Amino acid sequence: MAVHPSVIKRHRQSLKRRLRNQEIKSRLRTLIKKARRAIELKDREGVPVQLREVNRALGKAVSQGILRPNTSSRWLSRLSRSAHRLAAT
C-alpha cells in the first residue's frame, strides 16, 4: 500500500464500510431465515410480522447502497409468494 495520506484514509474508510455492510447483510439473512421458518411452521400470525420486518430492512439496505434494488425486490417477492401459498391453503 502506498504511503500517501489519502490512500491511508481511503483504506480506513473501506474497512469501516466493509464491516458495516457485513453487519447489515448478516442481519438481513437472519431476518429472511426467520421469515422462512415462520412460513415452514405455518405460523399465520407471525408471517406478516416477519415479512414487514424483512421489507423494512431490505428497503434500508437499498437506500444505503448495500443492496441493488432488483435484488431486494427479488428476495421479497420470493418470500411473499411463499407466504401467499401458505395463506391459500
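Predicted model: local features only at pLDDT ≥ 70, side-chain atom pairs only at ≥ 80, totals over all residues.
Helices here are DSSP runs of H or I, at least four residues long, numbered from the N terminus.

Let's start with Ser72 itself. Its relative accessibility comes out at 9%, and since anything under 20% is called buried, Ser72 counts as buried. Who does Ser72 touch? Leaving aside residues up to four places away in sequence, Ser72 touches Leu58 and Val62.

Val62 takes us over to helix α2. At 26% relative accessibility, Val62 counts as partly exposed. Skipping residues up to four places away in sequence, Val62 touches Leu67, Arg68, Pro69 and Ser72. For a sense of scale, take Val62 and Pro5: they are 57 residues apart in sequence, and their C-alpha atoms are 31 Å apart in space.

Now zoom out to the helix pair. Two packed helices are described by the angle between their axes and the distance between the axes. For α2 (residues 46–63) and α3 (residues 69–88), the angle is about 175° and the axes are 10 Å apart. Angles over 145 degrees count as roughly antiparallel, so that is how α2 runs relative to α3. On the α2 side, the contact is made by Val47, Leu51, Val54, Asn55, Leu58 and Val62. Their partners in α3 are Pro69, Ser72, Trp75, Leu76, Leu79, Ser80, Ala83 and Leu86. Sorted by class, this contact has 11 nonpolar residues, three polar ones and no charged ones.

What about α2 on its own? The buried residues of α2 are Gly46, Val47, Gln50, Leu51, Val54, Ala57, Leu58 and Ala61. Looking down the axis of α2, these buried residues fall within an arc of 135°, so they line one face of the helix. The general rule behind such patterns is that an α-helix has 3.6 residues a turn, so residues three or four places apart point the same way.

Which elements cover that buried face? The cover includes α1 (5–40) and α3. Over on the other side of α2, Arg52, Arg56 and Ser63 are exposed. Finally, following the chain out of α2 brings us to Gly65, which has a positive phi, near 85°.

Key. Residues numbered from 1 in each chain as written. Heavy atoms only, no water. Axes fitted to C-alpha atoms, helices over the stretch in contact; angles between N-to-C directions. Helix = DSSP H or I, 4+ residues; strand = E, 2+ residues; numbered from the N terminus. Parallel < 35°, antiparallel > 145°, perpendicular 65-115°, else oblique. Contact = heavy atoms within 4.5 Å. Nonpolar A, V, L, I, M, F, W, Y, C, P; charged D, E, K, R; others polar. Buried < 20%, exposed > 50% of the residue type's maximum accessible area, 1.4 Å probe, protein only. Arc of directions from axis to C-beta.
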